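I opened this entry to keep track of what I looked up. The notes follow the order in which I checked things.

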Amino acid sequence: MTAVVAPAFPAPARRLGLRGGLRNTFTLTWRSVLKIRTNMEDLFGLLLQPIMYLLLFTYVFGGALAGGTHSYLQFSLPGILVLSVVFATLGTGMMLNQDITTGVFDRFRSLPIARWAPLAGAVLGDMIRYMTSVAVTLGFGMILGFRITASPLSAAAGCLLVLAFALAMCWFSALIGLMVKSAQGVQWFGFLVMFPLVFGSNLLVKTATMSGWLQAFVKVNPMTYLTEAERGLLTGGPAATPALRSLLWALGIFIVFAPLAVRVYRRKT
Amino acid sequence: MRYDATSANAIEAAGLIKRFGKTTALAGVDLVAREGRVLGVLGPNGAGKTTAVRILATLLRPDGGQARVCGYDVLRNAYQVRQLIGLTGQYASMDEGLSGTNNLIMIGRLLGLPRAQARARAAELLGRFELTDAAARTVKTYSGGMRRRLDLAASLVGRPRVLFLDEPTTGLDPRSRTDVWAMIRGLVADGVTVLLTTQYLDEADQLAHDIVVIDRGQVIATGTPDELKARTGGQVLLVAPSDPARLGEVATLLEALAGAEVVTDAGTDVVSAPVADKALLPRVVRELDDRGIELAEFTLRKPSLDEVFFTLTGHRAEDEDTQTRELEDTSR
């Protein structure tokens with residue numbers, strides 16, 4: 001008898017819809033969050049970094065820069081908020097890099113999942129890291145005596161603004177993570193680019209105290225706009241213009257680096 | 001081409017070409033894996049085995065040629081192929097920061113299993129691979145053998161029809177190796193088609209129904225293990241005279257008796273000759289004794305991959321692995 005053998009397995013699906021892709025993304029977000037929870041070093045870093053910055057800057061610089069720790073805390077906390085979150089974006093690049101070098105990405109690519117899900121999952125998972133960072137900075141700052149003097153709505157807007165900026169910056173970090181050979185490379189790059197960017201601003205000191213050429217740089221640095229906006233939104237004062245400029249910067253960074261990162265990622269896959 | 005239920009080949013590749021810069025990793029490779037069988041891809045480091053697997057598993061685009069898995073083109077129907085395959089490689093690995101259980105649950109969820117089912121499947125596989133005790137620990141703390149077993153478990157979450165195992169036992173101790181072999185046999189008994197790459201002749205011999213020997217990106221021999229062994233002379237006889245001065249004499253004698261080319265190692269003063277027929281041994285001993293040649297060593301062993309290569313290609317297998325791997329990394 002020459003009967004056709006029936007296939008023992010169902011025929012595979014032809015394509016994965018958007019819903020499937022989103023489900024993949026959420027699974028990978030769950031993975032990122034789980035990693036934060038199970039990895040003690042990561043958790044410590046995430047929680048302790050803002051605390052360390054607050055303690056050091058407030059008590060070491062406070063007296064010298066503002067003549068008192070309380071008045072300096074009111075001035076510096078918005079800046080430390082920006083600093084903590086911007087440095088936290090380096091984690092995105094480091095994790096992507098680690099996934100590539102350890103072969104986790106190859107495992108994902110051999111699975112029938114949306115091509116963009118690993119990247120989207122990583123970024124979404126990192127948003128949760130940034131939120132933690134914001135919460136710790138504000139919470140511990142308040143324990144030290146920081147007071148939000150603007151309206152709660154305005155403060156909430158401040159938190160959203162810094163998160164939006166982080167969402168843009170993490171694409172830059174992702175691009176670096178996809179391009180360099182090792183996680184150390186991401187750290188070096190972060191040190192060489194992020195450090196001057198973060199500290200070459202009015203984040204911790206007033207612009208007026210700096211020399212002329214430095215002021216010129218500080219005045220065009222997006223970190224300066226973001227810090228000014230945060231000061232306005234958390235402790236009162238003009239916020240609309242610097243907030244708008246920060247958003248435009250965030251948009252610009254996103255428009256440039258997100259497609260670049262996706263392109264490099266696709267070429268790798 | 002659509003999936004054809006009557007097709008007996010789970011993997012078909014024709015004329016696969018892949019270049020990394022100036023290096024040609026694959027120079028036109030053909031291979032076929034029959035449904036429900038084990039195809040052993042044998043070759044030294046850098047022969048192109050991993051590149052071939054990466055192409056077949058949709059991780060790498062070939063520069064030329066085509067390949068199908070269960071009738072689906074690896075380029076045009078990559079999404080379908082990914083639903084049918086499982087991959088365990090030296091590279092495709094687990095998340096170090098997650099527990100064994102969570103790694104498997106993640107893969108189950110990515111494959112679309114509901115939460116409870118993903119959890120059940122993870123527990124089932126961890127049990128099957130004797131990892132239940134370590135299930136809650138992060139993979140970071142696993143030994144090499146445990147990682148390999150978890151890797152294998154991960155590639156089985158989706159119940160693949162075709163399994164790619166890229167050097168599944170390299171670097172494992174003999175016991176773990178035998179364990180992995182037993183697991184592979186179990187999978188084949190369940191009807192899974194396996195493509196296995198290996199550097200070890202005995203591994204291919206133990207597991208594979210068909211063998212493809214690759215060297216420098218080209219297929220240099222295909223056949224069943226028995227066919228290949230017949231071509232390489234089965235075993236190797238090592239003879240070392242007590243007096244190194246008589247090495248040449250021994251070599252000439254062995255060549256005449258074995259009727260095959262022998263290799264003289266001047267460093268260790270040993271002559272090695274392929275032996276197809278064990279009846280040859282008493283004759284060799286007699287002839288050596290007749291000439292009054294005293295022996296320091298007289299050993300019979302299975303041919304190493306080096307010797308298979310020597311017989312098949314006339315040149316030694318060279319270690320090009322790190323070089324090719326680096327080239328692949330930089331061009332990716």
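**Sheet in chain B**

I began with strand S1 (residues 9–20) of chain B, which is joined to S2(B) by nine bridges, the two running antiparallel. Strands here are DSSP runs of E, at least two residues, and helices are runs of H or I, at least four residues, both numbered from the N terminus. Two strands pair if DSSP finds at least two bridges between them. Opposite B:Leu16 I found B:Val29 in S2(B). The sheet is open and has four strands in the order S2-S1-S4-S5 (chain B), with antiparallel pairing. Strand S2 (23–34) and strand S5 (72–73) of chain B are its edges, each pairing on one side only.

**Ground rules**

I noted that the model is predicted: local features need pLDDT of at least 70, side-chain atom pairs count only at pLDDT 80 or more, and totals for chains, interfaces and linings use all residues. Residues are numbered from 1 along each chain as its sequence is written, while chains are lettered from A and ligands numbered from 1 in the order in which they are written.

**Chain B as a whole**

I counted twelve helices and 14 strands in chain B. Of its 332 residues, 43% are buried (20 or more other C-beta atoms within 10 Å of the residue's own; exposed means 12 or fewer, partly exposed in between; C-beta atoms are placed from the backbone). For contacts I used C-beta atoms, placed from the backbone, within 7 Å. Among chain B contacts between residues at least 6 apart in sequence, 69% join residues at least 24 apart. The domain assignment, automatic or from a database, gives domain 1 (9–230) and domain 2 (235–301) of chain B. Their centres, taken over C-alpha atoms, are 41 Å apart.

**Where the chains meet**

I found 29 residues of chain B in contact with 29 residues of chain A. On the chain B side, helix H2 (78–84), strand S6 (85–88) and helix H3 (100–110) each supply at least two residues. That side divides into 15 nonpolar, eight polar and six charged residues. Ala, Val, Leu, Ile, Met, Phe, Trp, Tyr, Cys and Pro count as nonpolar, Asp, Glu, Lys and Arg as charged, and the others, Gly among them, as polar.

**Cores**

A nonpolar core is a set of buried Ala, Val, Leu, Ile, Met, Phe, Trp, Tyr and Cys residues joined through C-beta atoms within 7 Å. The largest has 83 residues, and A:Val82, A:Val85, A:Val162, B:Leu104 and B:Ala153 have the most contacts inside it. H7(A) gives the most to this core, 14 residues. A second, separate core of 51 residues includes B:Ala25, B:Val53, B:Val74 and B:Ile85.

**Helix H4 of chain A**

I checked the length of H4(A), residues 90–102. At 1.5 Å a residue its 13 residues should span 18 Å, and the end C-alpha atoms are 18 Å apart, which agrees. The expected span is 1.5 Å times one less than the number of residues. Ten of the 13 residues are buried, so H4(A) is largely enclosed by the rest of the structure. A:Gly103 follows H4(A), with a positive phi near 90°.

**A:Asn202**

Is A:Asn202 buried or exposed? With 22 C-beta neighbours inside 10 Å, A:Asn202 counts as buried. A:Asn202 sits in the loop between H8 and helix H9 (212–220) of chain A. A:Thr227 is 25 residues away from A:Asn202 in sequence and 7.2 Å away, C-alpha to C-alpha.

Note on methods
Two residues are in contact if their C-beta atoms, placed from the backbone, lie within 7 Å.
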